[in-house]
Amino acid sequence: MTAPPILQFGTGRLLQAHVDLMVSEALAKGEAIGTIAAVQTTGSAEARRRVAALKAGGGFPIRIRGLVRGRPVDEEVRVVSVTQAFDAAAEWDAIEALAVGGAAAIVSNTADRGYELDPGDAPDQRVPRSFPAKLLKLLHARWRHRAEPVTLFPLELISRNGEVLRDLVDGLAAGWGLEPEFREWLALRCVWACSLVDRIVSESLDPIGAVAEPYALWAIEDAPGLRPVCRHADLVVTDDLARYERLKLYILNLGHTWLAERWLLERRPPDETVREALGDPELSGSLDALYAEEVLPVFAGLGLGDAARAYRNTTLERFRNPFLRHHLRDIAQNHAAKKARRFKALIELARQAAPGLAQPRLTAALASG
């Protein structure tokens, strides 16, 4: 069997319904660089079941459920792009062999704490604990075998994720005392792509598979030597990644946080979902007014008025997805930090892009603590 050219760290539902699905659809058209080898890095029982299901072959289902231009979509597609799967703890040698001899691209989504380092990781450790250390060990083996540089596509929900991961791995290499020539190869010859993913994947299927909304976006910042893993209608290579980051952060994410703010202040029903909240005319009207009077003028000042209005309309349709149970109690977690990243940051941006714009709702929400 030909070695898959895409090495993927993570087997969770976002990767299944995003990269794995896009590559599967692109393979059917001859527009992907090849198949995927998925690596499970956690020892949870759920992750072990996913790897076992992937090893069994036959692909897995993704259910696409939601609204497209007001019409319901409810369909199932089968993803066949993942042709190999490995447990990092038990099959490290096979993973290293792929990293050295087969992989042209490395994709990752290692959840919220995936970039945390482990003080116990060391260069002589066979299988490091943290993801950055695992990645460093594989890249160092690749360099020692004089293999070509690789392109890395981190999908973690961190701004400038490619640069953040590169700097983490390079700092770890310095701490381990690895060769200066390797560090130069690592930082300057490998391509560390910054990207943004935008898709709500609402639930996992057991043992493998997921339920996702129809909307999807994978925006990748262009860079010298960049070669995406596939061509796909939902994959965009751009010179202006900040444009997509701002749209998502200050429209979709800000809208979620506004609804969570009202849910907390008004002590609304504990199981209320986004869709149910928008069934309240007063609450729905407050979100519409927030967008129209305090958000969209900022994008107009940035020269993105038309794009922001279109994304606002798509976002509201996504919020009203009849198949999605997105609870406001979940969105309200880490609420103060989210308000700072979304409300406060937009107010600061407005001072540059729309001087004098009044934003009383956002200002009052920040003052509420």
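**Figure 1. Pairing of strands β3 and β11.** Strand β3 is joined to strand β11 (residues 210–212) by three bridges, and the two run parallel. Ile-64 has Ala-212 as its bridge partner in β11. Strands (E, at least two residues) and helices (H or I, at least four residues) are DSSP runs numbered from the N terminus, and two strands count as paired if DSSP finds at least two bridges between them. The model is predicted: local features need pLDDT of at least 70, side-chain atom pairs count only at pLDDT 80 or more, and totals for chains, interfaces and linings use all residues. Residues are numbered from 1 along each chain as its sequence is written, and side-chain values use heavy atoms, with hydrogens and water left out.

Figure 2. Strands β3 (residues 60–68) and β4 (residues 71–79) run antiparallel and are joined by nine bridges. Two residues lie between the strands of the hairpin, where Arg-69 takes a positive phi near 50°. Strands of a sheet pair through backbone hydrogen bonds, either parallel or antiparallel.

**Figure 3. The open six-stranded sheet.** The order of the six strands is β5-β2-β1-β6-β7-β8, with parallel pairing. The edge strands, each pairing on one side only, are β5 (82–87) and β8 (191–192). Five bridges link β5 to strand β2 (residues 36–40) in the parallel sense. Within this pairing, Ala-85 in β5 is the bridge partner of Ala-38.

**Figure 4. Helix α1 and its bend.** Helix α1 (residues 13–27) has 15 residues and reaches 20 Å from its first C-alpha to its last, close to the 21 Å expected at 1.5 Å a residue. The expected span is 1.5 Å times one less than the number of residues. At Asp-20, α1 bends by about 35°, the bend being the angle between axes fitted to the seven residues ending at a residue and the seven starting there. Of the 15 residues of α1, 12 are buried; among them are Leu-14, Val-19, Asp-20 and Met-22. Buried means under 20% relative accessible area, exposed over 50%, and partly exposed in between (1.4 Å probe, protein chains only).

Figure 5. Gln-16 is found in helix α1 and counts as buried because its relative accessible area is 3%. Leaving aside neighbours within four places in sequence, the contacts of Gln-16 (heavy atoms within 4.5 Å) include Arg-50, Phe-60, Ile-62, Val-79 and Ala-210.

**Figure 6. The surroundings of Cys-194.** Cys-194 is placed in the loop between β8 and β9 (195–198). With a relative accessibility of 3%, Cys-194 counts as buried. Not counting residues up to four places away in sequence, Cys-194 touches Arg-160, Asn-161, Gly-162, Glu-163, Ala-219, Ile-220, Glu-221 and Leu-241. Cys-194 and Ile-220 are 26 residues apart in sequence, and their C-alpha atoms are 6.1 Å apart in space.

**Figure 7. The loop position of Asp-124.** Asp-124 lies in the loop between β6 (105–108) and α4 (131–144). Asp-124 counts as exposed because its relative accessibility is 71%. From Asp-124 to Leu-328 the separation is 204 residues in sequence and 46 Å in space, C-alpha to C-alpha.
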